[in-house]
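Biologist: I would like to learn how to read a model like this one, feature by feature. Could we go through it together?

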Amino acid sequence: MSLEILKAGVLDTVQDAGRPGYRKWGIGPGGVMDHYASHVANALVGNAAHAALLEMHFPAPHIFFHRDAIVSLTGAEMVPTLQGSEVPLWKPLIVKAGNTLTFQRRNKGARCYLAIRGGVALAPWMGSHSTNLKVNAGGFQGRALRKGDVIPMHDDTFPKGITGAFKVLPWSVNHTAAYGPGDEIFFTPGHEWNWLSERSRRDVVTQSFVIESSSDRMAYHVGHSALIFRKKQELLSSAVCAGTIQALPGGNLLILMADHQTTGGYPRIGHVATAHLPRLAQLNASDRFRLKKISVEESEKMLLSLGRDLRDIHAACCKKLEDYEAIH
Amino acid sequence: MPEYAIFPLGDQAVTFSLGNTIQIRNHRKVMAMQHWLRQHPFPGLLDIAVAYNSITVVYDLYLLHTSQEMESGFGYVRDLLLEAYRQSGLRSDTTPGLKRIPVCYESPCAPDMEYIMAEKDLSRDRVIALHTGRNYQVYMIGFLPGFPYMAEVDPMLMLPRKTTPRGKVEAGSVGIAGVQTGIYPVVSPGGWQIIGRTPLRLFIRESNPPVFLEPGDQVQFYEITSGEFRKMNQHNA
């Protein structure tokens, strides 16, 4: 009752919504990079929003299913194929025992999620299945997946009596609003925003930024023209969050992502709107984006609106699955 | 009390800070606020993080908002932090625990000892006496799981971080940086001047809690020989 990694990808980990609550011990929340795609993936298979799933990058793994299962793929477009046939993202799929899932190429986005109905049957660490690579804890043996790993899945009686090949179920989630339009990432000003010179503040909201290749799940390094500070002062370290935009001493920017440290002492020029973290999480090295400054009120409105959308999506997906189950 | 600042850390966290210097009095105040907040949780509360002079409350905005009528999540949490500031005393109710930590100050446990001696014009014994001669306050855990930020180091021992961080610092390494002293719980790159190494493990993932030190603890270092270090060594290497 499991799935098996026939070939490892560049970085495939078990993740969930993270383990908040342990900053006092220096343990960051971690969790998925794209909280929208992972939530929808779970909704499509009828899981709880916070259920554990696989986060994959390209080159992606080859995954063999040892039993039938309802699964879904969301996030980056990496041309997933089952038994050699391309299958869509953002839809529930019924895979059959003996099927192999592969990915052909990366068209768009950085991270793809695979949710399995019932979830993976692994022991959580400190209340979460997220993989903490720094201390090798959580997820699957606290590490990225390797060839030969067999990941146990919870028993799931559905789908029963479905014969033949794999199947794409006939409904999908429209995700376009969550990722576009445009290349703007909204942010709210940080406590040290006004330390930037007027010119630099203008530059931040008018120039485009490029994601550098040193970016990873901990932080994005972003390139841009040098920023000038009119105020310089050593800060005592304090808590930081995913989305915090820090200015490094050399004038470079660092945007903290899911696996960020719990504390930081660099000037915080801003914070990416949580509703736009999924957009940022789907950018690759050398991708460009622009920053747009908004108020905290606007940022809250966007996040609440996204939360309501996800609630509705979740309810609709569960209803569809129930109806499908009732007929079959 | 110095002036405080309250500001949003994006749309799901709020920070309250007191001044911008390391002051035990300010730290005790934010510890007391933490204590009060843990007794007054709200729907959506995810985490409370205390640092040197600040406290940060992290929350799930959607859960908070759907729990009750409110103008804004930031406003709600800001008001709660102000309430914690007014309602809490100067110190938290818990008495600080004193933890004694053995440290080997000999080579190869102390790769920066020669540099520290030369830079500060001190004998090895004097460096050790200065480092072990006072108790340190654990102000926060950060950087790595279980990494304690402690202060204050004797002014005669104060040195800045390395200009180029070391690629690999061994688990248990005790470092100094400015007024701070800290311990690397796991192998990591690091820029602090390594003055010694403890055989104790500060982070054990299977334990509850997984960390040896928490904010509010007091720490005293004591010297051990390299022979004692080998006998007590809990690290893999």
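Modeller: What follows takes the chains, helices, strands and contacts in turn. This is a predicted model, in which local features need pLDDT of at least 70 and side-chain atom pairs count only at pLDDT 80 or more, while totals for chains, interfaces and linings use all residues. Residues are numbered from 1 along each chain as its sequence is written, and chains are lettered from A and ligands numbered from 1 in the order in which they are written.

Biologist: How many helices and strands does chain B have?

Modeller: Helices (H or I, at least four residues) and strands (E, at least two) are DSSP runs, numbered from the N terminus. In chain B they come to six helices and 13 strands, and the C-alpha trace spans about 65 × 40 × 35 Å along its principal axes. A residue is buried if 20 or more other C-beta atoms, placed from the backbone, lie within 10 Å of its own, exposed if 12 or fewer, and partly exposed in between; buried residues make up 48% of the 237 residues in chain B.

Biologist: Why does Leu159(B) count as partly exposed?

Modeller: Leu159(B) counts as partly exposed because it has 17 C-beta neighbours inside 10 Å. Leu159(B) sits in the loop between β7 (148–151) and β8 (166–169) of chain B. Two residues are in contact if their C-beta atoms, placed from the backbone, lie within 7 Å, and, leaving aside residues up to four places away in sequence, Leu159(B) touches Ile116(B), Glu119(B), Ile176(B) and Gln193(B).

Biologist: At what angle do the axes of α1 and α3 of chain B cross?

Modeller: Axes are lines fitted to C-alpha atoms, for helices over the stretch in contact, and angles run from 0 to 180 degrees between N-to-C directions. The axes of α1(B) (residues 24–39) and α3(B) (residues 73–87) come within 9 Å and cross at roughly 115°. Where they meet, Met33(B), Trp36(B) and Leu37(B) of α1(B) face Ala84(B), Tyr85(B) and Gln87(B) of α3(B). Ala, Val, Leu, Ile, Met, Phe, Trp, Tyr, Cys and Pro count as nonpolar, Asp, Glu, Lys and Arg as charged, and the others, Gly among them, as polar; by this division the contact has five nonpolar, one polar and no charged residues.

Biologist: How should I read the strands, and what is the order of the barrel in chain A?

Modeller: Strands of a sheet pair through backbone hydrogen bonds, either parallel or antiparallel. Two strands are taken to pair if DSSP finds at least two bridges between them. In chain A a closed barrel of seven strands runs β13-β20-β17-β18-β15-β14-β21, with mixed pairing, and its neighbouring strands are turned by 40° against each other on average, direction ignored. Within it, β17(A) (residues 244–247) and β20(A) (residues 268–272) run antiparallel and are joined by three bridges, with Thr244(A) partnered by His271(A).

Biologist: How many residues of each chain take part in the contact between chains A and B?

Modeller: The contact takes 44 residues from chain B and 34 residues from chain A. On the side of chain B, the largest share, four residues, comes from β3(B), and the residues there divide into 27 nonpolar, 13 polar and four charged.
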